[in-house]
Amino acid sequence: KRKSDTVVPSDTDLTRDSKRAKKRQEDQLKKFLTFAEKEDTLIAGLSLFLSAAERDGGEALVDAYLRKCPECSHLLQPLLWDKQKRSRDVLLVCFSCLEQVLLYTASSESDPVLASAGLQLTQSILSTHMRTIYSSLVTAAPARLICACLCLLSAMVTQGPAAAREVLQGFNFGYKPLGLLLAKTEKIKERQDSIRSCLIKFAMSFLMVGAGDTISTILETKGFLSSIFGLLAKDPADIVYLVLSAIKQKVVFNPSVTKKTKSRFFSHIVFKGLSQLLRREDDIIVTAENESEDMKSESTTIKQLTYKLMLQLLTDFHHGIPYRPKEVPPAGLLRTNNPGLLHTTLILSGSLENNLAKELVLASISTCPDILLPFLKQASITLELKPVSKWLIGTQFLNELFD
């Protein structure tokens with residue numbers, strides 16, 4: 001028989017490669033620290049650090065730097081320069097370096113030294129550099145800088161529940177330019193992402209990492225998370241999936257989030273945005289990286305994922321927004337006192353030609369029959385006899401409703 005052509009590296013070869021990699025990493029760190037000693041060569045050093053950290057095997061350089069300088073003073077120093085020296089290109093390099101470090105510490109939670117370094121770095125940025133962060137989150141700033149800043153904020157949150165709580169307390173979610181940034185949907189070539197996508201990922205990081213109190217607080221922060229849903233139907237499939245899965249796992253099925261908090265968050269604005277997703281036809285690919293336990297057996301169609309989420313919210317007394325009906329004497333009527341449910345059915349009634357929207361209306365009224373009368377009074381259903389599709393759709397719906 002022919003011998004296999006495959007060459008298996010010996011232990012000696014592996015040891016030699018390991019030594020070479022270690023020597024290369026030591027040389028890179030030494031070179032960076034040499035550049036970082038002088039202010040006029042610091043940015044060149046940071047550029048070298050960033051380039052090496054982003055390559056395969058760059059984690060070794062980040063690890064070595066953190067163990068030598070856990071406070072990351074070289075990375076933070078340019079943020080203290082005056083505005084004339086601190087150009088936007090300088091900020092871009094600094095934010096990107098800090099993001100690489102924080103991404104590494106977030107993935108090293110089991111190492112107390114690295115976990116502590118990541119939390120301390122987050123606290124340092126929050127306590128000293130937030131003015132620089134806010135000045136980078138304006139529409140006049142370059143798109144690359146805005147994305148780098150948002151990615152840095154997301155990396156800060158991912159340091160763990162304690163860090164997420166501190167970012168929540170230290171960041172001004174009422175900062176006006178944030179609303180304008182949500183409309184920036186153009187992709188940036190260097191990142192293959194848009195400003196809006198980066199902002200959504202920052203928002204979702206609180207849900208994915210935060211503890212119960214953090215999640216409840218971010219849900220109750222007026223106008224932040226809810227503003228995402230206005231244009232959600234136009235977002236790429238991966239972003240829509242991220243939002244739907246985070247909302248389902250961390251809000252709907254989270255026992256720490258009260259029904260009162262859910263009812264306030266799932267306003268007509270949020271439900272209107274979700275209802276627009278019922279018209280989406282594109283599919284998403286569920287891979288091992290983004291697949292969650294509660295979605296493994298489900299269809300990959302966005303509109304079907306949305307339908308199942310909305311059905312849970314509108315009809316489930318335990319996880320959704322409906323309150324259990326109470327009998328009101330002497331008539332024995334069942335009352336749920338849930339105006340949010342009524343508003344949602346009225347929004348959906350504008351799309352009765354969509355079978356999923358129609359099924360949601362029927363299921364909601366079946367769950368809480370007391371909203372039937374006000375629904376019929378306020379719904380825009382064409383009942384005047386006319387040979388038009390609106391009349392046919394309206395009469396078919398009413399037949400199914402009373403059946």
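Student: How many salt bridges does the count come to?
Tutor: This is a predicted model, in which local features need pLDDT of at least 70 and side-chain atom pairs count only at pLDDT 80 or more, while totals for chains, interfaces and linings use all residues. Residues are numbered from 1 along each chain as its sequence is written, and side-chain values use heavy atoms, with hydrogens and water left out. A salt bridge is a side-chain nitrogen of Lys or Arg within 4 Å of a carboxyl oxygen of Asp or Glu. By this rule, the salt bridges number seven.

Student: Which helix holds both Asp63 and Arg67?
Tutor: The side chains of Asp63 and Arg67 form a salt bridge with an N to O distance of 2.8 Å. Helices are DSSP runs (H or I, at least four residues), numbered from the N terminus. Asp63 and Arg67 are four residues apart, about one turn of the helix, and both lie in helix 3 (residues 59-68).

Student: Is Asp63 buried or exposed?
Tutor: Buried means under 20% relative accessible area, exposed over 50%, and partly exposed in between (1.4 Å probe, protein chains only). Arg67, with a relative accessible area of 43%, is partly exposed. Because its relative accessibility is 16%, Asp63 counts as buried.

Student: How many residues apart are Arg196 and Asp235?
Tutor: A salt bridge joins the side chains of Arg196 and Asp235 at 2.7 Å, N to O. This pair links distant parts of the chain, with Arg196 in helix 11 (residues 195-209) and Asp235 in the loop between helix 12 and helix 13 (237-252). Both residues, Arg196 and Asp235, are buried.

Student: What is the N to O distance between Asp213 and Arg165?
Tutor: Asp213 counts as partly exposed at 42% relative accessibility. Arg165 is also partly exposed, its relative accessible area being 28%. The side chains of Asp213 and Arg165 meet in a salt bridge, and the N to O distance is 3.2 Å.

Student: Which residues is Leu153 in contact with, leaving aside its neighbours within four places in sequence?
Tutor: Leu153 is found in helix 8 (residues 143-157), and at 0% relative accessibility Leu153 counts as buried. Contact means heavy atoms within 4.5 Å. With neighbours within four places in sequence left aside, the residues in contact with Leu153 are Ile133, Leu137, Phe171 and Phe202.

Notes: Helix = DSSP H or I, 4+ residues; strand = E, 2+ residues; numbered from the N terminus.
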